Amino acid sequence: MSAPVASQAAATTPETAKPLLSVRDLRKHFAIRGGILSRVVDKVHAVDGVSFDIKAGETLGVVGESGCGKSTTGRCILRLIEPSSGEVWFQGADVMKMDHNALQAMRRDMQIIFQDPYASLNPRLTIGAIIGEALIIHKLVKSRQEMEDRVVQLLETVGLRPDHMRRFPHEFSGGQRQRIGIARALAVEPKLLICDEPVSALDVSIQAQVINLLEDLQEQFGLTYLFIAHDLSVVEHISTRIAVMYLGRVVEIAPAAELYDTPIHPYSEALLSAVPIPDPTVKRKRIMLEGDVPNPIRPPSGCHFHTRCPIARPDCSQRSPVLEEKRPGHWAACHYRD
Amino acid sequence: MVEPLLDIRGLKTWFKTDDGMVRAVDGVDLHIDRGETLGVVGESGCGKTVTARSVLKLIDMPPGRFEAGQILWQGRDLIPLSMDEMDKIRAKEIAIIFQEPMTSLNPVYTVGDQIAEVIALHQKLSRKQAIAGAAEMLRLVNIPNPERRVHDYPHQFSGGMRQRVMIAMALSCQPKLLIADEPTTALDVTIQAQILELMQEMKERFGMAIMLITHAMGVVAETCQRVTVMYAGNVVEEASVEALFGDPRHPYTQGLIRSIPRVDRSAEKKQRLEAIAGTVPNLLEPPPGCRFAARCKFAMDVCTQGLPPLKEVGPGHYVRCVL
C-alpha cells in the first residue's frame, strides 16, 4: 500500500519518518431532515476538510470550542462515524477502503477513550468482563485463567486493585471509571489511542492523576495519542503538537510551546488569551472575541472566522485561506498573518 | 468592625437519605463584605453549591435540613424566616444564577416575560413598563437588538446569551448580593471570558457583592478579592486571593493549585502535575478529624483524632490544619 500523495499533504512535518496516522481532507456532513417526508433540508458541515499527520510516539492535541468538529474528527478516524469523504491512512493502510474484518483488526491498534466513563461502561458487566471482552473479541487469551491474569495486570497498570475486577461500574468514582476505560483500551495493546475529552468530566485533583497516568503509559508502552479536549491548559501540558479547530476546519498546527508563545492565527491567539491563569499576579491583555461561534449549518463564507476576527479585511469573506507552512513546522490558515 | 453583608456561622446542612445522613455542609463559616467578590472553590461534592443554596433556602426540606448554624444577612438570621419573608429577600436583595441557564429559564415564556415578572414582583409597574424595563436590562448585558430579542424564547438564545439573560434577570432588582453558581462552567472559554467581563462590569455599575462558586482556580484568580476553599463539607482555608495563590497553607489548597496545568508556563519549564492521591471521603460517614487526612502527604496521628479549628496564620488568612 502506498502512502498518501505528497501534494495533498497540508500539514506534514518536515522530519522524514513516515507518520503513524495521516488524515487528508476529511469531511463529515450530517444531514438535517425536516418536513413530513423527512427530506434532507440542510447539512451540518461538522468536519470540513481536515488534514494532519501524527508521528509514532507523539501526542497531537486537538483543541477548539463546542461544535468545532474535534470529536467528530476523532470518531471518523476510527470510522465509528462514517466520514463523507477524505482519506485516513493508518500504518500505511487505507482505512476508508477497509471491510468489516479489516476494520476490526485495525481497531486493535487504534483505540478510543471517551469523556463520560459512565456512559461508555456497560453497567451490567463487572469490570473484569468489560476489560476481558476486548481480549476475547481479538482472541488474545486462550483460557479463562489467562484472561483473569491479564485483567489483573491491566488493572494494576492503571492504578486499580485486582479485586476491583469483580465489581460493577457504579461502584467507582469518575476518576476510577476513566482508569477502567483506559485499561480496556490498553487490553489490546494499541499503538494509537484517541482520547476524546478524557479528563473533562473530572475534578482537577483527579484530572491530574489521569493526565499523569496517560503520560506514564505513553512512556511505558510507546503509545501515540490523539488528544481531543476543549481545555487549552490540559492540551498544552500533554501535547507535542497542537491543532486548533474552528467550525470544522483546522486553522493552525504547531509544536505546543510555539503555539502558546507565538500563535499565528487570530483565533488561536484569542482562544489562548481567554484562558484564565491561576495566578493573580499575572496580568495579561485579553483579546475579547465578539459574539458567538456561528451556526455550523451556515458557516460564514470565505474564512469561517472572519465574522469574529479582529483583523478581518473585506476579502476574508470571499477567499477561504488554506493551511500554509508559515514557519518551519508551524502551519496556519490566515491571509494576513505570517 | 463593619458588619459583613452576609455572615454564615457554623452552618450545617444535612440530607437524609436511605443510606443515612449525608453531611453535605458540615460547619461552614464564611462572610462576604459589601461590594466584594468572594470565590468559593472546591471539587464536586465539597458542599459549595449546597452552601450557596442554603443562603436562599433553595434546599428541598426534607430531605435536607439545617442542623445547626446561622445565616446572618445584614445581621438578621435567615434560617427561621418563613417562605413569605424569604420571598422578600430573594431576587430583591440576594439573586442567584446557575451553571445551566437553559434549565433555569422557563421554556414556554419569552425572556422578556420572565425578566418582567421579576421586575414586577418588586416594583409597581404596568406590563408595558415592565417589558420595557426587561429590554433595558437586556441592553445592559450587551444583547444585540434588545427590543426585538425581549420577545424571543430561551431556546432562541445561545448558551452564552442565555447566561446574559440570567444575569439580566438577576440584576433587574439591583440585589446587594449576586450568588453565581458555576456561571461559566458550561460555556466555551471565549464565551466564559465575555461573561466574566460582563459580571465585572455589572458589579462596578451596581456595586453589589458577588459570591462566585466555582471549581476553576483560574477564574478565581482573575475575578475574586477573597477566597474560601472547601473540602468535604468544611472550610479548609480562607484568604485574600494574593495570599491564597502566593502562600497557600493548607495541603489541599497547595495540591489544588499544583495540580492545574499552566498555559502561561513555557514547555521547557513544564513539570509533572502534582496530583492529589485518592478520592474525596464519603460524607455519609465522614472520617473523624481532618477530612483531608487520608489524602494528605503530611498527615500525622493527631490529624485523625479531631477536626482542627480554623486558625489565623496571617491577617485575614485562616487555615484548618494542625501544621
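The accessible surface of chain B comes to about 14,000 Å², and 51% of this area belongs to carbon and sulfur atoms. Such areas come from the Shrake-Rupley method with a 1.4 Å probe; for residues, only the protein chains shown count as cover.

This is a predicted model: local features need pLDDT of at least 70, side-chain atom pairs count only at pLDDT 80 or more, and totals for chains, interfaces and linings use all residues. Residues are numbered from 1 along each chain as its sequence is written, chains are lettered from A and ligands numbered from 1 in the order in which they are written, and side-chain values use heavy atoms, without hydrogens or water.

The pLDDT is the predictor's confidence in each residue, from 0 to 100. Chain B averages 88, and 98% of its residues score at least 70. The model scores ipTM 0.83 and pTM 0.87.

**Overall build**

Chain B has 11 helices and 12 strands. These are DSSP runs, numbered from the N terminus: helices are H or I with at least four residues, strands are E with at least two. The C-alpha atoms fill a box of roughly 65 × 55 × 45 Å along the principal axes. Of the 323 residues in chain B, 55% are buried. Buried means under 20% relative accessible area, exposed over 50%, and partly exposed in between (1.4 Å probe, protein chains only).

Contact means heavy atoms within 4.5 Å. Among contacts in chain B with a separation of 6 or more, 64% join residues 24 or more positions apart.

**A buried alanine**

B:Ala221 sits in helix α9 (residues 217-223). Is B:Ala221 buried or exposed? B:Ala221 counts as buried because its relative accessibility is 6%. Leaving out residues up to four places away in sequence, B:Ala221 touches A:Ile277, A:Pro278, A:Asp279, A:Pro280, B:Val241 and B:Phe245.

**Backbone details**

Two peptide bonds are cis. From B:Met61 to B:Pro62, omega is near -15 degrees. From B:Pro62 to B:Pro63, omega is near 10 degrees. B:Pro62 is found in the loop between α1 (48-55) and β4 (64-73). B:Pro63 has its place in the loop between α1 and β4.
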